[in-house]
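Good morning, and thank you for the time.

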Amino acid sequence: MNVMLQAPAAGMDSSMMWIMLILMFVIMYFFMIRPQNKKQKEIAQFRRSLQVGQSVITAGGIHGIVKEINDNDVMLEIDRNVKVRVDKNSIFAAAADANANATQTK
């Protein structure tokens, strides 16, 4: 008896694996990477548009009012006659924006 067994078509499985892999990267890009890049651009734009007198929040959670803006740092007044110099990259959000976001999530 001469029985021949045929192997499954390996080309079909391999191409399906590549399609699934590419699809997974596309999904990751649109749901994870792209929104993160957009958020980083918004924060960078906010930091460039800082103005004296604006209420802000640092990444460490310190609330203050911008008193002076330099190239790399910002002088914040956190209480009457209490000023602190922080790196411009640590300014995270405007206090009004953060309060609005907190109210929306409740």
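I shall go through the overall fold, then the sheet, the core, and finally the charged pairs.

Please keep in mind that this is a predicted model. The protein chain has 106 residues, and 18% of them are buried. Its accessible surface comes to about 8,800 Å², with carbon and sulfur atoms accounting for 59% of that area. In secondary structure we have two helices and five strands, and from the N terminus the elements follow the order α-β-β-β-β-β-α. As for contacts between residues at least 6 apart in sequence, 32% of them join residues at least 24 apart.

The five strands make an open, antiparallel sheet, and their order across it is 4-3-2-1-5. Strand 4 and strand 5, the latter spanning 91–94, are at the edges; each has a single partner strand, so one side of each has no neighbour in the sheet. From one strand to the next, the twist averages 45 degrees.

Now the pairings, one by one. Strand 1, residues 55–58, runs antiparallel to strand 2, residues 63–69, and three bridges join them; here Ile-57 has His-63 as its bridge partner. Strand 2 in turn pairs with strand 3 over four bridges, again in the antiparallel sense.

The hairpin of strand 3 and strand 4 deserves a comment. It has two residues between the strands, and Asn-81 adopts a positive phi near 60 degrees. This is a positive value in a residue other than glycine. Is Asn-81 buried or exposed? Its relative accessible area is 73%, so Asn-81 counts as exposed.

In soluble globular proteins, nonpolar side chains tend to be buried together. In this model the largest nonpolar core has nine residues: Phe-46, Leu-50, Val-56, Val-66, Val-74, Leu-76, Val-86, Ile-91 and Ala-94. Strand 3 and strand 5 are the elements that give two or more residues to this core. Leu-76 illustrates the packing: beyond its neighbours within four places in sequence, its contacts include Val-56, Val-66, Val-86 and Ile-91. Thr-58, Gly-64 and Lys-83 are also among the residues in contact with Leu-76.

I come finally to the charged residues. How many salt bridges does a search of the whole structure find? There are three. In one, Glu-77 pairs with Lys-67, and the closest N and O atoms are 3.3 Å apart. That pair links strand 3, which holds Glu-77, to strand 2, which holds Lys-67, across 10 residues of sequence. Lys-67 is partly exposed, at 38% relative accessible area.

The other bridges both involve Arg-85. With Glu-68, the N to O distance is 3.9 Å; this pair connects strand 4 to strand 2, the residues being 17 apart. Both side chains belong to partly exposed residues, with relative accessibility of 42% for Arg-85 and 33% for Glu-68. With Asp-73, the closest N and O atoms of the Arg-85 salt bridge are 3.2 Å apart, and the pair links strand 4 to strand 3, 12 residues apart. Through shared partners, Glu-68, Asp-73 and Arg-85 form one network.

Thank you; I would be glad to take questions.

How values were computed. Residues numbered from 1 in each chain as written. Predicted model: local features only at pLDDT ≥ 70, side-chain atom pairs only at ≥ 80, totals over all residues. Heavy atoms only, no water. Buried < 20%, exposed > 50% of the residue type's maximum accessible area, 1.4 Å probe, protein only. Pairing = 2+ DSSP bridges. Axes fitted to C-alpha atoms, helices over the stretch in contact; angles between N-to-C directions. Contact = heavy atoms within 4.5 Å. Areas by Shrake-Rupley, 256 points an atom, 1.4 Å probe, with all protein chains shown as cover. Core = buried A, V, L, I, M, F, W, Y, C linked by side-chain atoms within 4.5 Å. Salt bridge = Lys/Arg side-chain N within 4 Å of Asp/Glu carboxyl O.
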